[in-house]
Amino acid sequence: MFAHIVWLVLRKDFTVEVRSLEIAYTTLFFAISCVLVFAFALVQEGRAPVGGAAGILWIAVAFAGTLALGRTFERERQAETLRALLLAPAARPAVYLGKLLGIVALLTAAEIVLVPLVALLFQASLLAHPVWLALILLTGTVGFAAVGTLFAAMLIRARSRDVLLPVLLYPITVPVIIAGVRATGVLLEPELDVGLLQVWLALLVCFDVVFVTLALWTFEPLMTE
Amino acid sequence: MPSWFTPLAALCALMFATAPILIAQAPYESTMGLVQKIFYVHLPSAWMFLLAAITCGIASLRYLFRGDPRQDRLAWAAAELAVLFGVLTLVTGPLWARKAWGVWWQWDVRLTSSLMGWMVAVAYLLLRRYGGPGSDKLAAGLALFGIVNVPFVYISVNYWRTIHPTTNVVPTLPTSFGVPLWFSAVTFLLLFVLLLRMRVRLEEQRARVDALYLSMDS
Amino acid sequence: MSPFDSPQDKPFDAARGKPSTALGARADFDQLTVDDVSRHFGRRRALSHISFRADGGAILGLLGPNGAGKSTMLALVATLLRPTSGRIRYGERDAGAHGAALRAAIGVLGHDLFLYPELSARENLEFFAGLYGISDGRTAAARALETAGLADRGDDPVSSFSRGMRQRVALERALIHQPRLVLLDEPFTGLDDASTAALGLRLNGLRAGAAIIVLATHDLDLAEGLLDRAVFLRDGRMIHTADRPGALRAMYRDVMTRANVASGFSRTDG
């Protein structure tokens, strides 16, 4: 039953998004704009600084993720549908998990476009180790979205939520950004340091486990006034 | 105010007056010179910063699940003290770093972690200030996440710094300063307790004023 | 404290979408008692010292101007808010201990409709049927569309509907799990005469089915003749109650004038 609720919420978000594609298009275009802005800021004499591609990729993911989180919950606020979700007897952590999976799917889709774009614009060999890259991106995105989904959901009834979301989210997700950027940077080195990659991945996995658990645990008290 | 408050405040003032003398007479550290003395302020501030953050986290956890408003007031007071002692830590740290490392800011693991923790504390206060009604619970959630996040920040910054090839050799911080440091630490602890009590009391009074206002019948 | 061990997720009878009472899946009660309830937001007194009782098979109206606290009262009864003081009892239960079981027995029509505009009426209804644990959501949604008189428009997105049509879908969404306690916030908004009459019939049907109905409105003409009990609110206070009220408008004017005079006096008293 728990899994069924997760599935229902996820499928509902997916259907809504497919109808309008609003968040997908705006998030993706915003991410691409970020990449370009950073390209103009950092590329000198046609060359990006060493490891710059890794940083730019993750900055784009973090910024676009914040935008997507805000928009997704703004949509639930418009007809107060989040209230309706909370009024249903369905397990509230299941609602959280459904929303989280939706955000992760959306960001993954954005990353599928972003990675080749960044690789192309910065002549970075991002796609040299696709499996490692996929693992890093997935664990990093889950960690970022786990905290972000909870914060965006709880901020839905706060004033000035648009600006408060990044203010709260970035300091907490610093470990994800550091680990994501560094691990992606390792992939760009000529020789792959697997041991180091494993350290960063372990950190990301631990972060995911701890914060998804914490979010599931605190979602109920945070959503009741 | 409780009966212990005034004597303790007097003691704290006395200790703050004595501390400079003790610090001045402490053994002169030859390689660092005078700037080493900043540690008698820096280390106690950092400890109080940590204590304030932990107090805020635990009080927030209890408020979130038990709903006791006293815990909420304690968390709020502790968050403000975390910002205050955090500023002291973050200002005195670079002052020392300028002399020791030759740069104002070194992405040292402790300095960076402190900065991130301080950011969370500031975010907590911003949320309470601008979040509108109901932000007390949300802030409690943030504090809880912030506390759980501390080891992750520390480990990630540590790896980021130490594995990075351009890391300078950072001189390890001396850890033994003898009596003056402990004297200084106790003084700061007293200040922390007094400020916390005062701040909690202010919120208690506010809550009472609100309750009185609400109990008036029209 | 674990989020997983709350007593929800119990199966519902597939055929009618009714809860399978054998499992005791949801709270059952035939009385709602609001006992000296106050709710403050900071220093703002949204509600103070409200007490009333709503019985099964009866419609209770919360009447009063905008900002009187009607919506807050409904949110409290819906368990979305907790009272600052006082108790709300559902039969013999309190809200705290029976969260999900209680929510399964409550249906809420909010002022903001609780519908996803991008989804069709049918998808909205099926989604919420699923959330309420109705195993045959398809049948339940089809029946709800039938009742709303929108069987032929069921697959159009809700955003293409008029306010009145949305209101009808929203009402059936709130009733899809056949709740014991029905809470309606301004249900007449945007309805034309025919729809208003249909809503009246629907409410009478629910009353005949022994549901407890609480209806908040400022529209006295439309509530006329529908209510079994009226509770008048003003500035978060209960200023009058009447059983089997008739001539609501006259009563309202009278009650409000007296309340004005009373508050005027107390103001000059200091």
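**Close-up 1. B:Pro44 sits in helix 2 of chain B.** Helices here are DSSP runs of H or I with at least four residues, strands are E runs of at least two, and both are numbered from the N terminus. At 0% relative accessibility, B:Pro44 is buried; that word means under 20% relative accessible area, while exposed means over 50% and partly exposed is in between (1.4 Å probe, protein chains only). Leaving aside residues up to four places away in sequence, B:Pro44 touches B:Phe39, B:Leu181, B:Ser184, B:Ala185 and B:Phe188. A contact is counted when heavy atoms come within 4.5 Å.

A quick note before the other views: this is a predicted model, where local features need pLDDT of at least 70 and side-chain atom pairs count only at pLDDT 80 or more, while totals for chains, interfaces and linings use all residues. Residues are numbered from 1 along each chain as its sequence is written, chains are lettered from A and ligands numbered from 1 in the order in which they are written, and side-chain values use heavy atoms, with hydrogens and water left out.

**Close-up 2. B:Ser45 is also a helix 2 residue of chain B.** Is B:Ser45 buried or exposed? B:Ser45 is buried, with a relative accessible area of 0%. Beyond residues up to four places away in sequence, B:Ser45 touches B:Phe85, B:Leu88, B:Thr89 and B:Phe188.

**Close-up 3. The second largest pocket has a volume of about 900 Å³.** The lining counts 40 residues, and the closest to the pocket centre are B:Ala46, B:Phe49, B:Leu50, B:Arg110 and B:Ser114. Two or more lining residues come from each of these elements: helix 7 (161-188) of chain A, plus helix 2, helix 3 (69-100), helix 4 (109-130) and helix 5 (135-163) of chain B. Which helix gives the most to the lining? That's helix 2 of chain B, with 10 residues. Pockets and cavities are found on a 1 Å grid over the protein atoms alone: a cavity is a set of points where a 1.4 Å probe fits but cannot get out, a pocket is an open set with protein on both sides within 12 Å along at least five of seven lines, and lining residues have an atom within 4 Å of a point. Grid points are joined across faces, edges and corners, and a volume is the space filled by probe spheres set on the points.

**Close-up 4. The second largest cavity holds about 30 Å³ of space.** Searching the whole structure turns up two cavities of 30 Å³ or more. A salt bridge is a side-chain nitrogen of Lys or Arg within 4 Å of a carboxyl oxygen of Asp or Glu.

**Close-up 5. A:Arg92 and A:Glu220 join their side chains in a salt bridge (3.2 Å, N to O).** A:Arg92 lies in helix 5 (residues 92-121) of chain A and A:Glu220 in helix 8 (residues 194-223) of chain A, so this pair ties together parts that are 128 residues apart in sequence. A:Arg92 is buried, with a relative accessible area of 3%, whereas A:Glu220 is partly exposed at 28%. Over all chains, a search finds 28 salt bridges.

**Close-up 6. C:Arg180 and C:Asp28 form a salt bridge, with their closest N and O atoms 2.9 Å apart.** C:Arg180 lies in the loop between helix 5 (163-175) and strand 7 (181-185) of chain C, and C:Asp28 in the segment before strand 1 (31-41) of chain C, so the pair ties together parts that are 152 residues apart in sequence. C:Arg180 counts as buried at 16% relative accessibility, while C:Asp28 is partly exposed at 48%.

**Close-up 7. Helix 1 (residues 70-77) of chain C is mostly covered.** Seven of its eight residues are buried, among them C:Met73, C:Leu74 and C:Val77. Just after this helix, C:Thr79 takes a positive phi of about 70°. Chain C as a whole has eight helices and 10 strands, and 52% of its 270 residues count as buried.
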